[in-house]
Amino acid sequence: PASPRPVAGSHVTARGFGEPSNGCSLLTEALLTPDGQPPRPPGSTEGVDMEDLFRDVSGDARVNARYFCRALRLRGTVCSTRASIDENRLLQFTQGGHVVSVDLSGLGTIPSTLQQGCEVEIAGICHAEFVQDSVSSVFPRFKGITLIPRTDADVRVLRRPHLFTARLLFVAVCVLMLILAVCL
């Protein structure tokens, strides 16, 4: 049986197989043993504009490896539905046409105000995902960036969505048209 996931900031001893990955090393088939020390509070995070994640130092439109495996703080607008967030414990948010995923599986509770269209600030470890298309392929293909929050406080809702959404406006116009048709 799988052992429970350690709390963010916990001291553990990890034994496994080191595997190089773009920007950082991964430990595969790892066995984690708690050291018995109390969890330490998360360190500081670097506020980054999402546009910077997708531009390299020369300004070209590429994923910036400088941010991989670092604690970042990003702002954006939630594009996932609440049902999807609750079901998958995965959130996607966007800024400037770029989308970043957030793995919420390590959190105790997900804020109830977290819903599609709200502006959020999320802090966590930046993880870049790559996939190997085939065995003969030399370079893996970039799949996306996932932010992994360390505590419940790392997910903050800054502003709830506007009351007048396109869907609500459509329903209101339909109701008015129906009333007008009944009156005529």
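Strand β4 (residues 71–78) pairs with strand β5 (residues 90–95) in the antiparallel sense, over two bridges. Strands are DSSP runs of E with at least two residues, helices are runs of H or I with at least four, and both are numbered from the N terminus; two strands pair if DSSP finds at least two bridges between them. This is a predicted model, in which local features need pLDDT of at least 70, side-chain atom pairs count only at pLDDT 80 or more, and totals for chains, interfaces and linings use all residues. Residues are numbered from 1 along each chain as its sequence is written, and side-chain values use heavy atoms, with hydrogens and water left out.

β5 also pairs with strand β6 (residues 98–103), in the antiparallel sense over six bridges. The hairpin of β5 and β6 has two residues between the strands, and G96 there takes a positive phi near 60°. The table gives one opposite pair for each pairing.

| Residue | Stands opposite |
|---|---|
| V78 | F93 in β5 |
| L91 | V102 in β6 |

S101 lies in strand β6. Leaving aside neighbours within four places in sequence, S101 is in contact (heavy atoms within 4.5 Å) with L90, L91, Q92, I145, T146 and L147. With a relative accessible area of 14%, S101 is buried. Buried means under 20%, exposed over 50%, and partly exposed in between, with a 1.4 Å probe and protein chains only.

L184 is found in the segment after α3 (166–183). L184 is exposed, at a relative accessible area of 84%.
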